Amino acid sequence: MATVAVSSASGLLAMLNEHHPILKLHALTNLNRLVDNFWPEISTSVPTIESLYEDEAFDQRQLAALVVSKVFYYLGELNDSLSYALGAGSLFNVLEDSDYVLTLLAKAIDEYAAFRTKAVESNEGTLQMDPRLEAIVERMLEKCILESKFQQAVGIALECRRLDKLEEAIVKSDNVSGMLSYCINVSQIFVHIRKYRSEVLHLLVKIYQSLPSPDYLSICQCLMFLDEPGSVASILENLLESKDKEWLSRATNWAKFSATAGLGVIHRGHLQQGRSLMAPYLPQNGSSGGGSPYSEGGALYALGLIHANHGEGIKEFLRESLRSTSVEIIQHGACLGLGLAALGTADEEIYEDVKNILYLDSAVAGEAAGISMGLLMVGTASEKASEMLAYAHDTQHEKIIRGLALGIALTVYGREEEADTLIEQMTRDQDPILRYGGMYALALAYRGTSNNKAIRRLLHFAVSDVSDDVRRTAVLALGFVLYSEPEQTPRIVSLLSESYNPHVRYGAALAVGISCAGTALSEAISLLEPLTSDVVDFVRQGALIAMAMVLVQTNEAREPRVGSFRRQLEKIILDKHEDTMSKMGAILASGILDAGGRNVSIKLSSRTKHDRITAVVGMAVFSQFWYWYPLVYFLSLSFAPTALIGLNYELKVPKFEFLSHAKPSLFEYPRPTTPPTTTSAVKLPTAVLSTSAKAKARAKKETDQKTAMDEGNISGEAGPMKGPKSSDKEGETMQVDNASEKKAEAELSCEILSNPARVVPAQEKYIKFFEESRYVPIKLMPSGFVLLRDTKPSEPEVFVLTDAPSSLASSGNSSIPQAPASAVSVEDGEPQPPQPFEYNT
């Protein structure tokens with residue numbers, strides 16, 4: 001039977017006015033089928049169809065609602081369309097793959113998510129969810145799970161704050177571990193409310209722990225995001241249960257304080273020997289030992305640097321040193337040391353000791369006390385911040401206000417929107433120093449989040465505040481907010497780097513240095529290059545330091561501009577006419593480039609994208625060197641070793657090899673620079689007449705033969721020498737020796753590394769492990785400590801590191817030929833150390 005083409009819906013619309021329900025049902029059924037083509041004509045009868053929906057006696061109300069919903073959809077009235085789709089009940093088929101259904105489902109999810117968010121944030125239990133809307137969302141989630149679209153289900157559940165459905169989607173997926181990892185990444189990127197993100201992470205920890213073989217590494221990563229170090233420690237505990245300074249004497253006053261404190265950077269992490277190493281400079285028995293107070297204060301600061309974030313064994317000594325002295329210089333060092341040693345512990349007793357120093361209202365000791373209180377309470381959002389803010393309003397010392405401003409900012413580290421009230425209070429303060437602290441509060445509260453709201457507020461203060469200090473810090477703070485997306489920073493601060501205000505240009509330089517540290521990002525280098533030659537000295541200083549941060553652990557093979565930058569630093573340092581500010585910046589930059597023997601890099605976040613709190617805090621306090629130069633040592637907290645160290649189940653270092661699938665020159669140590677000599681000249685190709693060469697050859701041949709006869713070895717190992725065969729006439733032409741004619745060997749495209757090995761961050765993507773190796777990584781990781789599984793446990797193991805390396809070195813090994821000291825010196829390009837001697841005054 002041939003189908004009849006329908007050219008109008010007028011007949012069906014007329015049937016809607018009939019009294020018999022069967023006729024109305026026939027009309028609605030056909031209108032629903034034709035609405036995609038005849039919706040303009042049907043739209044004129046929407047009131048009639050709406051009346052059918054509102055008629056409770058009409059048993060096909062849902063069909064009427066569906067038709068009206070489709071008409072409103074085509075009219076662009078999505079709110080009305082969704083409202084009637086809800087009225088259509090089960091007739092609104094979420095399984096239908098049409099633009100109409102997909103659009104309304106997206107609208108329904110958005111409405112549902114917005115309602116759930118409003119209900120949670122307003123804490124109003126009286127808000128009632130439309131059960132029809134909730135039913136549609138639940139049907140959509142069930143559809144995703146049934147069709148194995150688990151990532152889509154996770155996204156919808158996260159957006160709608162349905163943790164029950166989130167758990168269901170993860171547990172029912174065919175790859176639970178992979179789905180958990182996906183959920184962690186999504187929650188960190190798209191869940192911006194800290195409290196809700198914490199709820200999600202707690203759920204993920206619960207699911208991880210319910211697995212037959214829990215992934216403890218991922219559990220610990222979640223707990224680190226949740227700031228629950230105690231839980232991490234408990235897991236680790238359970239797992240373990242189941243298995244010459246002569247230069248110092250030349251320094252005076254605060255230079256002596258700084259020089260002594262520098263020893264803490266050298267010996268950082270030597271927890272067992274730290275106190276004995278600093279013993280010659282420390283106060284004796286907790287009180288001043290009669291030495292220089294600057295050395296004693298610097299030594300206490302050094303102890304804090306050595307034991308930063310690991311101060312359990314040194315806190316009591318530092319407390320006793322603080323309580324038993326009245327010298328403000330020693331108090332200054334003890335406060336900084338205590339803050340570092342007890343970083344983030346919120347220890348009430350230490351807080352009270354430091355607060356007592358603050359209330360003495362000494363400018364020198366009070367500044368360190370304010371910073372120390374912030375270090376103690378970092379990330380706690382403690383109410384003590386209000387107490388610190390009140391004292392900042394009471395004191396008259398700018399140094400104390402500045403120390404407290406930074407300390408208050410440290411207390412809201414990572415608190416995001418929870419810190420908004422305090423940030424608003426500080427940024428609206430009349431005191432520019434407290435507004436300056438407000439910039440740091442914004443930076444640290446939203447560290448690494450790339451939060452648009454925080455970026456807009458910082459940019460607003462960068463161009464509108466009347467204080468240069470506040471404007472400079474607002475721009476600098478962008479580096480902390482954006483360090484998780486370093487490629488964005490040069491673009492955002494590019495115009496600010498060209499500002500007429502030198503303070504803004506300085507802030508732009510350090511913002512790029514902080515966020516792009518260790519990346520060797522081309523855009524960052526291009527932005528900083530002109531600033532290193534700025535007309536203002538402190539801008540040059542900041543640009544040199546920032547450039548060094550960006551280029552740390554980068555050689556000329558990866559970035560050719562490294563060589564010219566190193567030569568620029570050398571020129572500034574050696575030029576006696578150079579200004580002090582630039583020279584200080586060049587010295588610091590040179591130290592940053594070669595930090596840790598070029599075996600460390602600046603890392604504010606880990607490979608798994610969680611922030612390294614100690615590193616970020618260290619960078620924030622380091623940036624205060626603008627006012628107080630001994631704080632430069634806090635930068636050492638931001639350094640992280642760059643190595644791959646393979647460990648067996650006994651945590652020993654076995655011998656095994658792995659592959660770096662890149663040219664060795666890309667990641668090798670930078671070659672040592674040699675100072676030019678005044679007598680050196682450019683070597684040119686030597687022009688030698690062949691007649692002269694002939695005469696020299698004959699003379700050399702006679703001498704060699706005579707020597708060989710004298711030694712009784714006439715035959716000679718090298719064989720007879722052959723002179724030139726050309727005649728004298730031919731010898732009139734010139735012969736030129738040219739070394740460039742020798743072909744250099746082609747560089748290998750890969751390199752085999754032995755455990756342990758230096759692996760810089762840019763090299764990690766090239767690290768490969770041999771499939772047939774005896775040791776196989778339990779979890780594929782390109783750097784850091786890598787646990788290895790021994791595939792041949794019955795065979796004896798060979799270890800490359802022991803607990804007593806000095807004994808091995810002293811015992812020697814006759815099977816290994818030892819090179820002469822001079823040969824080693826020439827090969828390494830480094831001078832030999834002087835022989836031991838005694839110095840008598």
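Start with helix 10 (residues 176-190) and helix 11 (residues 194-210) of this predicted model. Their axes come within 10 Å and cross at roughly 165 degrees. An angle over 145 degrees counts as roughly antiparallel, and the two helices are therefore roughly antiparallel to each other. The crossing of helix 10 past helix 11 is left-handed.

To show the contact itself, select Ser 177, Leu 180, Ser 181, Cys 183, Ile 184, Ser 187 and Gln 188 on the helix 10 side. Their counterparts in helix 11 are Arg 197, Val 200, Leu 201, Leu 204, Ile 207 and Tyr 208. By class, the residues of this contact are eight nonpolar, four polar and one charged.

Most residues other than glycine have a negative phi. Select Ala 346, in the loop between helix 18 (328-341) and helix 19 (348-358); its phi is positive, near 55 degrees. Ala 346 has 27% relative accessibility and counts as partly exposed. Then go to Ala 381, in the loop between helix 20 (363-376) and helix 21 (384-394). Here phi is near 50 degrees, again a positive value in a residue other than glycine. Ala 381 is partly exposed, at 35% relative accessibility.

Move on to helix 33 (residues 613-622). Nine of its ten residues are buried, so the helix is largely enclosed by the rest of the structure. The buried residues are Thr 614, Ala 615, Val 616, Val 617, Gly 618, Met 619, Ala 620, Val 621 and Phe 622.

Now select the open sheet of four strands, with the order 8-3-11-10 and mixed pairing. Strand 8 (757-758) and strand 10 (775-777) are at the edges; each has a single partner strand, so one side of each lacks a neighbour in the sheet. Within this sheet, strand 3 (residues 643-647) pairs with strand 11 (residues 784-790) in the parallel sense, over four bridges.

A second open sheet has three strands in the order 7-4-9, with antiparallel pairing. Its edge strands, strand 7 (751-754) and strand 9 (767-768), each pair on one side only. Strand 4 (residues 657-660) and strand 7 are joined by four bridges in the antiparallel sense. Here Phe 658 stands opposite Leu 753 in strand 7.

End at Pro 756, in the loop between strand 7 and strand 8. Most peptide bonds are trans. The bond from Asn 755 to Pro 756 is cis, with omega near -10 degrees.

Key. Residues numbered from 1 in each chain as written. Predicted model: local features only at pLDDT ≥ 70, side-chain atom pairs only at ≥ 80, totals over all residues. Heavy atoms only, no water. Pairing = 2+ DSSP bridges. Axes fitted to C-alpha atoms, helices over the stretch in contact; angles between N-to-C directions. Parallel < 35°, antiparallel > 145°, perpendicular 65-115°, else oblique. Left-handed = near helix turned anticlockwise from the far one by under 90°. Contact = heavy atoms within 4.5 Å. Nonpolar A, V, L, I, M, F, W, Y, C, P; charged D, E, K, R; others polar. Buried < 20%, exposed > 50% of the residue type's maximum accessible area, 1.4 Å probe, protein only.
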